[in-house]
Amino acid sequence: TRKESSAASDVYKRQLKNNLIMKTLRLIGMAVIAVIMSVNFAACSDDDDDTIDTSSLEGTWGLVRSAGWELCSEETEKDTWDYTNDPYNPDYDSEKIVIKKLSDNTYSITSYYYSGSGWQMDGSQTGTLDGKTIVLKEHDGWFEYANPAIETLTTDKLVLRIKYDNVQTDPDYDPEHRHSGDFTETYTKMK
């Protein structure tokens, strides 16, 4: 029986040793995974760079998609939309903007809408680039309530995000009237 007890004790010791080895290997594996994940996150941190290549910004941009929502302070439900356009075959919802560089960091943005007879100018604004945001000098044109932020800019695609919250829309006549909204406008370069 002493031999059996000694054999059982040896089996128990081997199991403890194996468990300890497995726990150590598991701990090392978790540490390796943590290191790999932290390296991956560090590698992605440059993706949020606040600068853009402005060489593609100038040109005529036709709206291909508009999606988002707006809420008037007098309403209880958001007005939501998501529609697409073909600026080369315009209809009543078609829009385009023309962006021109005026000086080193100043641009003009002229907006147009399509009426049955052709493109009609809707307004013109000037602004400067601050990182990815176009800081407008006046809000009296296409971008009435907020400075558009450039989410994507390539040689043939421009995505602008317009976001505003509780903006007073007519301080002279109705100071309590306010708007909120968040939408993206996706454009394709026409020329």
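The protein chain holds one helix and nine strands, which are DSSP runs numbered from the N terminus (helices are H or I with at least four residues, strands are E with at least two). Followed along the sequence, the pattern reads α-β-β-β-β-β-β-β-β-β. This is a predicted model, in which local features need pLDDT of at least 70 and side-chain atom pairs count only at pLDDT 80 or more, while totals for chains, interfaces and linings use all residues. Residues are numbered from 1 along each chain as its sequence is written, and side-chain values use heavy atoms, with hydrogens and water left out.

**The chain as a whole**

Of the 191 residues in the protein chain, 27% are buried. Here buried means under 20% relative accessible area, exposed means over 50%, and partly exposed lies in between (1.4 Å probe, protein chains only). The protein chain exposes about 12800 Å², and carbon and sulfur atoms supply 51% of that area. Accessible areas come from the Shrake-Rupley method with a 1.4 Å probe; for residues, only the protein chains shown count as cover. Among contacts between residues at least 6 apart in sequence, 46% join residues at least 24 apart, where contact means heavy atoms within 4.5 Å.

**The nonpolar core**

In soluble globular proteins, nonpolar side chains tend to be buried together. A nonpolar core is a set of buried Ala, Val, Leu, Ile, Met, Phe, Trp, Tyr and Cys residues joined through side-chain atoms within 4.5 Å. The largest one here has 19 residues, and Leu57, Ile97, Ile99, Ile150 and Leu158 touch the most other members. Several strands each supply at least two residues of this core, among them S1 (59–72), S3 (95–101) and S7 (149–153). Strand S8 gives the most, with four residues.

Which residues does Ile150 touch, leaving aside those up to four places away in sequence? They are Ile52, Leu57, Leu129, Lys132, Ile134, Leu158, Val159 and Leu160. Pro148 is in the loop between S6 and S7 and is buried at 0% relative accessibility. The C-alpha atoms of Pro148 and Ile134 are 5.6 Å apart, although 14 residues separate the two along the chain.

**A buried serine**

Ser66, in strand S1, is buried with a relative accessible area of 2%. Its side chain makes a polar contact of 2.5 Å with the side chain of Glu185. A polar contact is a pair of N or O atoms within 3.5 Å; within protein, one must be able to donate a hydrogen and the other to accept it, and residues adjacent in sequence count only if both atoms are side-chain atoms. Not counting residues up to four places away in sequence, Ser66 also touches Trp81, Asp82, Tyr83 and Thr184.

**Aromatic rings**

The structure holds three aromatic pairs. Rings of Phe, Tyr and Trp (its six-membered ring) pair if their centres lie within 6.5 Å; planes under 30 degrees apart count as stacked, over 60 as edge-to-face and the rest as tilted. Two of the pairs are these:

| Pair | Centre to centre | Angle of planes | Type |
|---|---|---|---|
| Tyr114 and Trp119 | 5.4 Å | 75° | edge-to-face |
| Tyr164 and Phe183 | 6.5 Å | 85° | edge-to-face |

Tyr164 lies in strand S8 and Phe183 in strand S9, so their pair ties together parts that are 19 residues apart in sequence. Tyr164 is buried at 6%, and Phe183 is buried at 13% relative accessibility. Trp119, at 26%, is partly exposed.
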